[in-house]
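Reader: I would like to learn how to read the contacts and packing in a model such as this one. Could you take me through it, giving the general idea before each case?

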Amino acid sequence: IKNIGSAGLARSKVYVIKVIEAILLMLICSIISFVIVILLGGLILEIKDMAYFRQLVGMCISRSSAIIFLWISQITLVMLLYLLIKNSGVISFTYILLLTMLGNVLALCGKHIDPIFIKMYEYLPNTIIKAIIKAEEISNGELVKCALIGITYTVILTGIGISVLKRKDL
């Protein structure tokens with residue numbers, strides 16, 4: 001970021017460009033991984049019933065399209081952590097701690113402080129991802145819900161990242 005910032009670009013543009021780069025890299029890696037898993041799965045398992053195989057692929061595509069927006073929001077969270085914390089090991093630990101403990105903290109706060117925290121827990125990206133994985137069918141409403149929540153988190157976390165970068169010494 002130092003080198004790009006010294007080129008005269010605004011810090012907000014630099015941050016948005018870095019977030020977009022990370023999102024595009026994630027999308028490319030996800031698509032490549034998906035195709036490889038489908039092809040290897042078909043070869044290794046020697047799929048004989050093509051209709052069933054198409055149904056499985058369709059189910060995977062619908063779940064992935066629901067979850068992709070939530071993954072994007074998680075990328076913006078990691079980008080924000082990279083701005084706030086210098087050590088990559090601490091960043092990884094913090095991210096894993098947030099993923100595993102935030103839901104428990106919100107549930108505990110909802111039980112003892114105010115039930116609004118339980119509602120907040122229901123809208124965490126990782127909570128929704130777990131629900132999508134367990135669901136038998138993905139409705140269009142759930143797809144829209146995932147997209148809206150993912151976009152909301154992405155916009156908020158990107159906005160916070162931009163404001164942090166504007167105030168940060170490089």
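Author: Apart from its neighbours within four places in sequence, tyrosine 153 is in contact (heavy atoms within 4.5 Å) with Ser73, Thr76, Tyr123, Leu124 and Pro125. This is a predicted model, in which local features need pLDDT of at least 70 and side-chain atom pairs count only at pLDDT 80 or more, while totals for chains, interfaces and linings use all residues. Residues are numbered from 1 along each chain as its sequence is written, and side-chain values use heavy atoms, with hydrogens and water left out.

Reader: How many residues apart in sequence are tyrosine 153 and serine 73, and how far apart in space?

Author: Tyrosine 153 and serine 73 are separated by 80 residues in sequence, yet their C-alpha atoms lie 5.5 Å apart.

Reader: Is tyrosine 153 buried, partly exposed or exposed?

Author: With a 1.4 Å probe and protein chains only, buried means under 20% relative accessible area, exposed means over 50%, and partly exposed lies in between. Tyrosine 153 has a relative accessible area of 25% and is therefore partly exposed, whereas buried residues make up 29% of the 170 residues in the protein chain.

Reader: Which helix holds tyrosine 153, and how do the axes of H6 and H7 cross?

Author: Helices are DSSP runs of H or I with at least four residues, and strands are runs of E with at least two, numbered from the N terminus; the protein chain has 7 helices and 0 strands. Tyrosine 153 lies in helix H7. Axes are lines fitted to C-alpha atoms, for helices over the stretch in contact, and angles run from 0 to 180 degrees between N-to-C directions. The axes of H6 (residues 125-134) and H7 (residues 140-167) come within 11 Å and cross at roughly 160°. Since angles over 145 degrees count as roughly antiparallel, H6 and H7 are therefore roughly antiparallel to each other. Pro125, Ile128 and Ile132 of H6 make the contact with Glu142, Cys146, Ile149 and Tyr153 of H7.

Reader: Where in the protein chain is confidence lowest, and where is it highest?

Author: The predictor's confidence in each residue is given as pLDDT, from 0 to 100. Confidence is lowest in helix H1 (residues 2-5), at a mean of 58, and highest in H7, at 90. Where pLDDT is low, the predicted coordinates should not be read in detail.

Conventions: Parallel < 35°, antiparallel > 145°, perpendicular 65-115°, else oblique.
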